[in-house]
Amino acid sequence: MINSWKKVSRTAILAAAGLALAAGAAVAEDFPSKEVKIISPFGAGGLNDILGRAIAQHAEKFLGQPIVVENKPGAGGVVGTKYVERAKPEGYTLLMASSSTIFSQYTSPAPNDIKKLGPVVEICIAPQVLVASADAQWKDLKSFLADAKATPGKVTVSNSGAGGSTDLYTTLLEEKAGIKVKRIPYAGYAAAMTAVLGGHVDATIVPPGVAKQYVASGKAQVLGVATEKRFSGFPDAPTFKEQGVDLVINHWVGLMGPADTPQERVDILAKALEQGMKTPEFQKLLQQRGLESNILTGDAFQKYVDGEDARWRKILKGE
């Protein structure tokens, strides 16, 4: 009798384990069962927004569900970032994260926390350029810096949001060049660039893609490029280093989700998103925007983020 009971119990346990495994597999197979939302923490029309919408367009066919982009700008990206931090870790809410996601931890009065986010896939790296309108009084970086030194706080530079990436890059320019400018925050790269074109501010620091069309049409000019070597998108524009300012900036962009999102769901998302990013259409967009493809997933992306966090924490907090 006892042996029979043991056999029955063993059978029941194995059956229950089988059902649990089947249920787990079903959960994985059923994901995603509805649309996935990408939160862009900056305004419409900027690089973050443009990349998010392009990824959604090219990756949703591989995911099997719609991917939509929702803009939640504010506080240099903190508003949208916190929204994703607080989202249910189910894989349905992702963040268009970037270098500014790290910076805002140390510059915002109500900071986000990168540790509450987990890696999905890194997309690309964007160089940065200092741009002024074509009719500005300066025609090179030397004259811009000379004026900024002569009249501290008078020259105005727009950025994509207080405490955001371009705000910090302006701070780095001030430190490296020994100048002081007046920083004017806007809701995203596009708005910061429009302010320059409209004559509301003197200059801005943006990714090449934001300024490219205006430079090509003769409405704007590049005063300096923050790369080691000349950037192919603006071959005639000298680097900061060429002009005596030791400033090099690599701005990364990627997708992250709530930290506790099940790994099997993260893997499904990463695979579909990576497939979308490898399409010729998406790669062409990166090239047109002057961006360098840099696809990383899993531990490799996490290691990269951890390294960037440690580097900028030291710069901004001295830790």
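Student: What makes the crossing of H2 and H9 right-handed?
Tutor: A crossing is right-handed if the near helix is turned clockwise from the far one by less than a right angle, and left-handed if anticlockwise; H2 passes H9 in the right-handed way. This is a predicted model, where local features need pLDDT of at least 70, side-chain atom pairs count only at pLDDT 80 or more, and totals for chains, interfaces and linings use all residues. Residues are numbered from 1 along each chain as its sequence is written, and side-chain values use heavy atoms, leaving out hydrogens and water.

Student: Why is H2 called oblique to H9?
Tutor: Helix H2 (residues 47–63) and helix H9 (residues 263–277) pack at about 125 degrees. Under 35 degrees is roughly parallel, over 145 roughly antiparallel, 65 to 115 roughly perpendicular and the rest oblique, so H2 is oblique to H9.

Student: How do you know that H4 is mostly covered?
Tutor: Buried means under 20% relative accessible area (1.4 Å probe, protein chains only), and eight of the nine residues of helix H4 (residues 99–107) are buried. Among them are Ile102, Phe103 and Tyr106.

Student: What makes E7 and E9 edge strands?
Tutor: Two strands pair if DSSP finds at least two bridges between them. The open sheet has the order E7-E6-E8-E5-E9. Strand E7 (182–185) and strand E9 (220–225) each have a single partner strand, so one side of each lacks a neighbour in the sheet.

Student: How do you know that E5 and E8 pair?
Tutor: Four bridges join these antiparallel strands, and at least two are required. In one of them, Val131 is partnered with Thr204 of E8.

Technical notes
Axes are lines fitted to C-alpha atoms, for helices over the stretch in contact, and angles run from 0 to 180 degrees between N-to-C directions. Helices (H or I, at least four residues) and strands (E, at least two) are DSSP runs, numbered from the N terminus. Buried means under 20% relative accessible area, exposed over 50%, partly exposed in between (1.4 Å probe, protein chains only).
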